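Work through the exercises below with the sequence and the model at hand. Each task is followed by a solution in steps.

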Amino acid sequence: TAPVFGRVAAAAAKLVESSEKTSAAALLELTTLVTAILYTQGETGIDGELTPLETVELSRPETRMSARLMKRLQEALSTTGSGRLEIVRDGYEQGAFGDLRLIAPALAGLDDTYSEIADFVAGKILPLYGPAILRELQATFDPRGRGGHVRRLTLMHQLDPEAARVYVRRALEDGSREVRIAAIGCLGDSPDDLAFLLEQAGAKAKDVRAAALRALGGSDSTDAVKVLCSSIDGDDLALAVEPLRASRNAAVSAALLAAAERQFDGILSAKDRDQSKLGKQNERLRLLLECLRGRDDRLTEKLLLAMFGRAERLAAVRGEPSGKDVLERLVSIMAAGPEGARSVLIDAHQSLPPASLGEAFVAACRSRKPAEVFKLFSPYLAAKVKEKAKHRDPAYGKREAIAELLVRGAGWWHYERDESDQYDFDLRAALDPKWLDLAVKLGRLDLVQALAVPGHAKAGALLAKSFRQGLKSREDYELIGLVSTMIRVGHPDATDAAIELIRGGAKSKHSYSYYWLGRLIPRLPRDEALPKARSAVADAARTGRRPASRLRHRAEGFQVTAAA
């Protein structure tokens, strides 16, 4: 009945019914009318007492990103299909998740059907936001749920253990099996938890016992220590490795060392040569050794050195796993153990089998000067090998052990490296420049790609030569790796090499080459690469042998990437 609101209704209807050409004018008309009404007839404020809004500080700074990247991340976290994990990882590495618009999609990612994405979101992304996301986690938590609700409970406990206790208790009382196990792992922060954890440590279900033992690992109470010590000699040793390794309680440490020494002596003196029994004894010793990983006290060092002093006898023990397998575990523990044990291992590198030589190399990189490491271990890389019988030649195994570590530790495609390949120090920084000189001299292209640095003329020449030769055989994966390295070191031919791959990609048999090429383009120098990339894409669209629709789709993808 009010004429002014009749005009608002008419303007709204006009906007809803407008076309693409008239919608802008209709929107402006409606907005102007509503704004005029608010200014002339509306009121601001409300009667009552002003109280501050309850807020939680967000621990991430504001981040701006393109709409294109935002859309890719939102789709990766809300859809299904392959390739999404790489998109999420790339966004995380670029710091994109500081943008507030990605909080809701990241929270929804906890329930992703692909568990690796959900675990990555829970472990890497959501902790960035701190307590600000607690309310949302609490509101969407269902103790009877699975996957995503297990992650929610764990996150709540990680962000605020005290506030999470009510949800932990609720999960213990009324939760699904998975959520209950996660809840048990969240206990241990209060003395009131001890009685319940001790009870669960004797439960029938193996996963429940494992969770209880992990929680007890952080307690120094007499009863908790007693349970941990019992697990050393009992059937739950495999379940207790993690808490035993983390515990620094004197009684637990003494029990561990005594058990490992008894087990070692028992294996060497065993008269029963039954393969099955020996295998079980060897596996138990491997578990006990794993419990010693990371310890650097004098008693641990003494035991490790005593065992290593009888390495030959240990290696001769049969079974599955065998004494050689136990020796590999011993060497691995020494490489990350006390300084004295590391030093003995490094000095004994010539006596080590190929499977253990890499551990001595990593230990040397961790504690010796780069020049000394090169002097000790470079001969293995330069050794002459009987190529016809290389798999029976120990020199070949040792050469490749060092080469593999150089490639993994200083890998040339860092975004492909698995977390298991990471060290607690920068391996690339611990390497002497002579390693690259040697790789060039030997013509080891894999090592040159891993170790190449800007300004190394011989390495740059080898990369360019290998690229030109590789164009003849057209192995896209190898060529893309070469170009990636050339871009990383600022090779003057990097842009032209990338453009050559784009031009040849129109005739490639492999679709994956387009994916990797798309990742290379943004790393090129923009002013030099953009015109050339656009020209190459246009040429590929005209001359490519692929069906027009597929080629056009890929060409458009290249243009989008190049424009970014």
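A crossing is left-handed if the near helix is turned anticlockwise from the far one by less than a right angle, and right-handed if clockwise. Helices are DSSP runs of H or I with at least four residues, numbered from the N terminus. This is a predicted model, in which local features need pLDDT of at least 70 and side-chain atom pairs count only at pLDDT 80 or more, while totals for chains, interfaces and linings use all residues. Residues are numbered from 1 along each chain, and side-chain values use heavy atoms, without hydrogens and water.

**Exercise 1.** Determine how helix 15 passes helix 16.

Step 1. The axes of helix 15 (residues 250-269) and helix 16 (residues 275-291) are 10 Å apart, at an angle of about 150°; axes are lines fitted to C-alpha atoms over the stretch in contact, and angles run from 0 to 180 degrees between N-to-C directions.

Step 2. Helix 15 is therefore roughly antiparallel to helix 16 (an angle over 145 degrees).

Step 3. The crossing of helix 15 with helix 16 is left-handed.

**Exercise 2.** Determine how helix 12 passes helix 14.

Step 1. Helix 12 (residues 206-216) and helix 14 (residues 237-246) have axes that come within 8 Å and cross at roughly 15°.

Step 2. Helix 12 passes helix 14 in a right-handed crossing.

Definitions and conventions. Helices (H or I, at least four residues) and strands (E, at least two) are DSSP runs, numbered from the N terminus. Angles under 35 degrees count as roughly parallel, over 145 as roughly antiparallel, 65 to 115 as roughly perpendicular and the rest as oblique.
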